[in-house]
Amino acid sequence: MKDAFGAPQSLLLLGGTSAIGLATARRLIARRTRTVWLAGRPSPELAAAAGSLRALGAEVHVVPFDALDTDVHAERLGQVFAEGDVDLVLLAFGVLGDQARDESDPAAAVRVAQTNYTGAVSAALVCAGALQAQGHGSLVVLSSVAGERGRRADFIYGSSKAGLDVFAQGLGDALHGTGVHVMVVRPGAVRAARPAGRPEPTPLSTTPEAVAGAIELGLRRRSETVWVPAPLRLVASALRHVPRPLHRRLPVTP
């Protein structure tokens, strides 16, 4: 259960090497989160992430998890909930892909879609059912401003996030009144998460630490949707109504 400060005492991070996920874990550990499960594909990076959180004083468990291996999601994630209540599930896995390459490689494009949408739907439903069974908890889903409107630069990635965003909104409505809180987080371009060769971040870009702070604030407020940075909400609203011929000519969108 949450402590007197309103911070979750236990966290399941789906995407155990996510920069945003780990920044959030560090912030919550400083606020008295004591137990963390890091779910991800076994790797030196995952082991290092677990070690870094243990150094902060948390009890950390590593859970083998692959977004694409949906057949075992119920079993693997069910084992976590069998250990005790989970206050917060943070769904933070996903891949950006390579738009130019993926347009000419349908299999690679499908992998982006399956990771970001199909795998996320599977994991979210498993965790939502477990949270509902325990009668409390929050599910935070990392979406993206890229899902607000199709853009030439990243429509494969953006379409997968658009699907996830709509799914998470509907899931939140389905769980309303059950004691389970669903929050969708829509960051702009996250600087630390962009690989070499990607376009330069926009003026409304953000950092993993800023997103982590927004997640913590959103949890305290029981928000349903969080934009990071906050002005993105107005920008996205305006761009949503820009005529398509003009929109496709814009040099930079958030």
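Predicted model: local features only at pLDDT ≥ 70, side-chain atom pairs only at ≥ 80, totals over all residues.
Residues are numbered from 1 along each chain as its sequence is written, and side-chain values use heavy atoms, with hydrogens and water left out.

Q: Why is H136 called buried?
A: Buried means under 20% relative accessible area, exposed means over 50%, and partly exposed is in between (1.4 Å probe, protein chains only). H136 has a relative accessible area of 13%, so it counts as buried.

Q: Where is H136 placed?
A: H136 is in the loop between helix 5 (106–134) and strand 5 (137–142). Helices (H or I, at least four residues) and strands (E, at least two) are DSSP runs, numbered from the N terminus.

Q: What makes the link between the side chains of H136 and D85 a polar contact?
A: A polar contact is a pair of N or O atoms within 3.5 Å; within protein, one must be able to donate a hydrogen and the other to accept it, and residues adjacent in sequence count only if both atoms are side-chain atoms. The H136 and D85 side chains are joined at 3.0 Å, and the cut-off is 3.5 Å.

Q: Why is strand 2 described as largely enclosed by the rest of the structure?
A: Strand 2 covers residues 35–40, and six of the six are buried, so the rest of the structure largely encloses it.

Q: Which residues of strand 2 point one way, and which the other way?
A: T35, W37 and A39 go one way, V36, L38 and G40 go the other way, and all are buried.

Q: What pairs with strand 2 over six bridges?
A: That's strand 3 (residues 59–64), which runs parallel to strand 2. Here G40 stands opposite P64.

Q: How many bridges join strand 1 to strand 4?
A: Four bridges do, and strand 4 (residues 88–91) runs parallel to strand 1. L11 has L88 as its bridge partner in strand 4.

Q: Why is strand 1 called largely enclosed?
A: Five of the five residues of strand 1 are buried, so the rest of the structure largely encloses it. S10, L12 and L14 point one way, with L11 and L13 pointing the other way.

Q: What makes a right-handed β-α-β unit with strand 1 and strand 2?
A: Helix 1 (residues 19–30) does. A crossover is right-handed if, with the strands pointing away from the viewer, the path from the first strand over the helix to the second runs clockwise. Strand 2, helix 2 (residues 44–54) and strand 3 make a right-handed unit too.

Q: Why is D66 called partly exposed?
A: D66 has 25% relative accessibility, so it counts as partly exposed. You'll find D66 in the loop between strand 3 and helix 3 (73–82).

Q: Why is R32 partly exposed, and where is it found?
A: R32 has a relative accessible area of 45%, so it counts as partly exposed. R32 is in the loop between helix 1 and strand 2, and has a positive phi of about 95° although it is not a glycine.

Q: Why is R222 called partly exposed?
A: The relative accessible area of R222 is 42%, so the label is partly exposed. R222 sits in the loop between helix 7 and strand 7, with a positive phi of about 60° although it is not a glycine.

Q: Why is L219 called buried?
A: L219 has a relative accessible area of 6%, so it counts as buried. Its place is in helix 7.

Key. Pairing = 2+ DSSP bridges.
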